[in-house]
Amino acid sequence: MPFDFLLFWKLLHFFWLIVSASRLLFNIVAVLKKGEDIRILDDANFYTKTGILQIEQIFPIVQSPKSPNSKQSLTPVCVYSRFQLRYLSFNKERLPPSYPRSRFLAVAKNPRYSIMASKFGMAGGIPERRVRPVWDAIDSRQFKNALKLSTTLLSKYPNSSYALALKALILERMGKLEEALSVCINAKDLLYKNDLILIDDLTLSTLQIVFQRLDHLDMATSCYEYACGKFPNNLELMMGLFNCYVREYSFVKQQQIAIKMYKIAGEERFLLWAVCSIQLQVFCGNGGEKLLQLAEGLLKKHIASHSLHEPEALSVYISLLEQQAKYGDATEVLSGNLGSLIMIEVDKLRIQGRLLARAGDYGGAADIFQKVLTLCPDDWECFLHYLGCLLEDDCSLPMVANSPLIQVSTSMDCQHRHLTDDVFDSRISRASEFVEKLKSEAGSDSIRNPDLANLEIERRKIIFGKGNYDKLMEDLILFFTRFGHLACFSADVAVFLQILPDDRKKQLLEKLAKSIDSSSTSSKNVLGQHLTLFKIRELIGDMFPLPEGDLVGFAVQMTEMYCENLPLSKDLDVQESMYGEEFLSMTCNILVQLFWRTKHIGYLLEAIMVLELGLTVRRYVWQYKILLLHLYSYWNALPLAYERYKSLDVKNILLETVSHHILPQMLTSPLLVDISDLLKGYSRFMDEHFKESADLTFLAYRHRNYSKVIEFVQFKERLQRSSQYLTAKVEGSILNLKRNANSIEEAESVLESLNFGSDFLDVSNEIQSKKLTFNEDLQLRPWWTPTYDKNYLSGPYESMSKYPRENLRNDVKQTESKVTRTIEKRSLLPRLIYLSIQCASSSVKGNSVINGIDSKHSSELKSLLESYSKYLQLPFHDAVELLISVSNGQKPLEVLTSNLIDWMNFAVFLNAWNLNSTESNNSDGNTFRMNWELVCSLLEQSVSSKIKTAKPLGSSPGIDVSILVQLVTEPLTWHGLIIQSCVRSSLPSGKKKKKGGGGHSDQSNTQLSNSIKNSILSLHKMIDEVTKWLKEQIEKPVDGDVDILLSSINCEQNNDVGGPGKVVKILERLVSSVDDVEVGDRICQAVKSWKAVDVARKMVTAQGTALTEFCNVCESKMKVLQGLKLQI
Amino acid sequence: MTTIRRFCCDDLLRFSSVNLDHLTETFNMSFYMTYLARWPDYFHVAEAPGNRVMGYIMGKVEGQGESWHGHVTAVTVAPEFRRQQLAKKLMNLLEDISDKIDKAYFVDLFVRASNTPAIKMYEKLEYVIYRRVLRYYSGEEDGLDMRKALSRDVERKSIIPLKRPVTPDELEYD
């Protein structure tokens, strides 16, 4: 038989089609470049072990009977790489039964991994083999080559928007942002012009990526909107558009498109996308609560015809009902068929209990919580809910679903419903019986809940007036003997100690101490109990009223215990926490208190020594590092504090919660480079999160974790309103100005990048309506500085009955309002500086009256100064009057010292405004005006007074050098800029020649230039004075300072009762007597390497480094002033 | 005494006392949020009275066919809450979800070969060393792949240790 070539070819082709089709329908060929971070957002399970694969979308395309058109979207999917090919098949178990498993679409975040073939072997309408070299060049970061290749590609396919989009992408990667944008816009225009049968998704997604990176989300959206308009009912494009709206946080549009998709495909998830979009409108947008009703209606209708298939869909439905206070309806849904969607029994019970409680059915709720406790006997929060329901007590009732922070209040000011005595008794005895039952069932298991529950019951009885302190104490002692060795014990019982009267607290301490003696448990447990006892002492503030000698006694005792118990940690890995580590932190706490009380620096030095020894023994203890960084900051050894901070490895989200330990001190320090790094790192983290947050939200949509959608959006908003973020933005800009202020041109270019300070004016105006968030975790701060604007050590000693931490809530509130005000005030600075420079310049040119812009500047400056005076707590005219009377000696400088920097900044800007204003600024028409001489007098007085009161850093911890630093880097610097502006304008060079003309102007200009000359001299003199003082400090030999420090802990000089030095003696004894057999080689070597003198030397050196930095700043300023002197 | 609940974004702002520990990595935001968006059932936090964060566990479920399994990405407990079996509770929870809800065959985790205390703990929780992965951690330190079989793996095939170590390239999900 002759060989039928044609038939063979047809058969081959047919076979190939089947193979290809099945491959495309059942598998996704994904290409993961090795080592690249790749994330697949699909319904299947293909992720790397180490990371998550990064592909933006792989989603099922459902062929709906309603829309035969959607067949079009059965796009073959092929993601490949030259490095590695991997065939991925979908895991059937993860997919809900309703989804045809065969149709999926992948869109990669990096188009490199995108659907490279919308049609076979085609990429964006171009044969894939032609595109590949471009991608290879991009992958290997050879952008120049990539650009060349893409130009060649474009010459062959001049009408391909994909080729253009690729070029834009390359330009963006090369940092040519403007060019990239214009090419991208061309690609977009081309896309609109091309009359294609199908708009290629690869082109769209590539365009989207470039537009997103160029911060033009709106353009990306309009591309998708156009595509969706052209090809209605194409689900693939609609999902792309939905994603665009998610990125733009356009909740209403999200809802509309989701509803459209739902109508086309009839799928549950699209409906839930719409419902989430509605919830977002209510919680994060300006949608009214009535919208929830609409969402509920939509869901109800769907359930009636299709039921629900996803647990998260049910959660959304219940939350919708709950948000409308339809608790009964919600309970009904949960106990119906749909309830089976929640597969974990306790989860379901918890929701049920919450709904009943919120509906006011406390009895029913208590029954449910009792069931939960039987299943999870250690669940403390559930126990509080249980008791709350029994006693009908508002404080411990469960909160609304999805309220992320479930705060169970432990305070005593709860709203008790008025239960009669009998009812109260019977409810309490029911609780007690149940707890007893739990206890007996737990047996020897180490769960603590039942014991703690008993304590809580006793506490409630006391609050109700039916309790008995003896019983509570008895229970506490029992609890202590079982669990007192645990590190968390004292914090666990804090709330019960709070309720005891002071004399009972003391009694309890004695009893607890005795119970340790009588116990016969292991030495580790005894050690733990001792630690707990000290912590309780600290907690109830027992130590504050004690005489100095007793406190020293405790410090000595704790240090000794640390040393004696080192052998217990002999065999521990260096990574593991050692036994008794906390003794050293507590010793530090006492020593700092002793310093506060006696002002004896020896105690402070000892506190540092103790912690440094602890870190030598085990370098990982972050608690020591935090205490040390605060001690070093207080003692003006900021470089060392910063080093300790860096060793905490604070990164990512910890930047938001932990940076407060170092940021505020750094902002007023001369370490300009370090603070700039800190701010940049933090802002970069936040900005990156804001950029990627919407994509992650879409991920939650994709994976049908709808509650996370709302959570993610709310979380992003919370971070966006972060007070620290705003502070970083404002201070970062001011810092940038400070660093560039030696050259007015550079300062001006910084100002230009800040939109001449106008952007921050908006910040200042909107701040009150913004509701800032304060996300700092203040719990880890030392007792003496509970918030970042408070340090007890800087004030006089006050005897306190409790540790200052008790006042934390009040302190935090005060700090928060202060921070808001500070941001509001500081946001005015860039604009004030800009306007001052402008006014100064036009005053020299003498064209203030003629030029409209100049007079506009002048009046704006005036109004900003009026706003600024608000922060000086005086009306503008009064503030001016006060300044003038200080400057001419009628009033002492001290009247300004509470916020000296603000006053001096005000004076400097006021002078700039006066230069250019004919307006009298005194209400009664007197011609008292700020002028060069008066400003200089004020600044001179401030600098001199600060230098006069300055003391050597080593022997005077807490001395506030930062005021001097701020004087130089702020008012003096801004004043310097104003002078530079005047000098530049007065130069008779070229175009800068004055325009005003006329004899009068000449005369006044001579006056002006004399004043400027004098100002330069005066500024130079001030900075010189600072520099001299600094040099005096820096040039002192380090050894001398070290000796002074060490002599402060010299025991012989101190009396027997108290006095510093005793703790260090113990440390030194440890160093000399440590035995490697007892404590192991590692600990022994570490202890031996510690020397008191090294600690002192390191601190003195760090103090010198900070001063040298400051000195450098001053010297650079003097150089600039020298130059100016020659110019004028 | 311990309330274990699903981890939420706001917990990221409260876990500093756990994450300041040098052995606990603080990942970037997309890492945490991807886990939250994809496997919220595998991300739990434990709270003490007064809403103090005690520790947390994050993980996922992955694999195909008989290697469909739960994976522990991170489990950590703050120093003051150690030595009271909290890690065990968290691990049991993840095992339970892998077993009962996702019907996985086993749970696995990776640990630095030098982290003896952790390896000991996992062994106590019935994990066995399935294989050694050479230079798994930044190309320097070996990792141990430890596994525990779940009820679906009746013959406990998934945990029969491999005889030779593997390289990171050979990992199935790399």
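Predicted model: local features only at pLDDT ≥ 70, side-chain atom pairs only at ≥ 80, totals over all residues.
Two strands are taken to pair if DSSP finds at least two bridges between them.

Strands β2(B) and β3(B) form a hairpin in which three residues lie between the two strands. Gly50(B), located in the turn, has a positive phi of about 85°.

| Strand pair | Sense | Bridges | One bridge pair |
|---|---|---|---|
| β1 (residues 3–6) and β2 of chain B | antiparallel | four bridges | Arg5(B) and Val45(B) |
| β2 and β3 (residues 52–62) of chain B | antiparallel | six bridges | Phe43(B) and Met58(B) |
| β3 and β4 (residues 69–77) of chain B | antiparallel | eight bridges | Lys60(B) and His71(B) |

Strand β2 (residues 43–48) of chain B is mostly covered, and six of its six residues are buried. In a regular strand, side chains alternate between the two faces of the sheet. Both faces of β2(B) are covered: one side carries Phe43(B), Val45(B) and Glu47(B), the other His44(B), Ala46(B) and Ala48(B), and all of these are buried.

**Domains and core**

Chain A is divided into domain 1 (24–263 + 272–279), domain 2 (650–720) and domain 3 (1027–1043 + 1093–1128). The centres of domain 2 and domain 3 of chain A, taken over C-alpha atoms, are separated by 36 Å.

In soluble globular proteins, nonpolar side chains tend to be buried together. The largest nonpolar core of this model has 354 residues. Those touching the most other members are Ala165(A), Ala168(A), Leu591(A), Ala607(A), Tyr632(A) and Ala907(A). Helix α48 (residues 1092–1127) of chain A gives the most to this core, with 15 residues. When residues up to four places away in sequence are not counted, Ala607(A) touches Cys588(A), Leu591(A), Val592(A) and Leu631(A).

Ile185(A) is found in helix α5 (residues 177–193) of chain A, whereas Ile209(A) is placed in helix α6 (residues 201–213) of chain A. Ile209(A) counts as buried because it has 22 C-beta neighbours inside 10 Å, and 20 or more are required. Ile185(A) has 17 other C-beta atoms within 10 Å and is therefore partly exposed.

The C-alpha atoms of Ile185(A) and Phe211(A) are separated by 8.9 Å, with the residues 26 apart along the chain. For Ile209(A) and Ala220(A), 11 residues apart along the chain, the C-alpha separation is 8.0 Å.

**The contact between chains A and B**

Chain A contributes 58 residues to the contact and chain B contributes 52 residues. On the side of chain A that touches chain B, the elements giving two or more residues are α16 (380–391), α18 (449–464), α20 (489–498), α28 (654–658), α30 (672–702) and α31 (706–720) of chain A. Of these, α30(A) gives the most, with five residues. By class, this side of chain A has 26 nonpolar, 16 polar and 16 charged residues.

Terms used:
Residues numbered from 1 in each chain as written. Chains lettered and ligands numbered in written order. Contact = placed C-beta atoms within 7 Å. Nonpolar A, V, L, I, M, F, W, Y, C, P; charged D, E, K, R; others polar. Domains from an automatic or database assignment. Buried ≥ 20, exposed ≤ 12 C-beta atoms within 10 Å, placed from the backbone. Core = buried A, V, L, I, M, F, W, Y, C linked by C-beta atoms within 7 Å.
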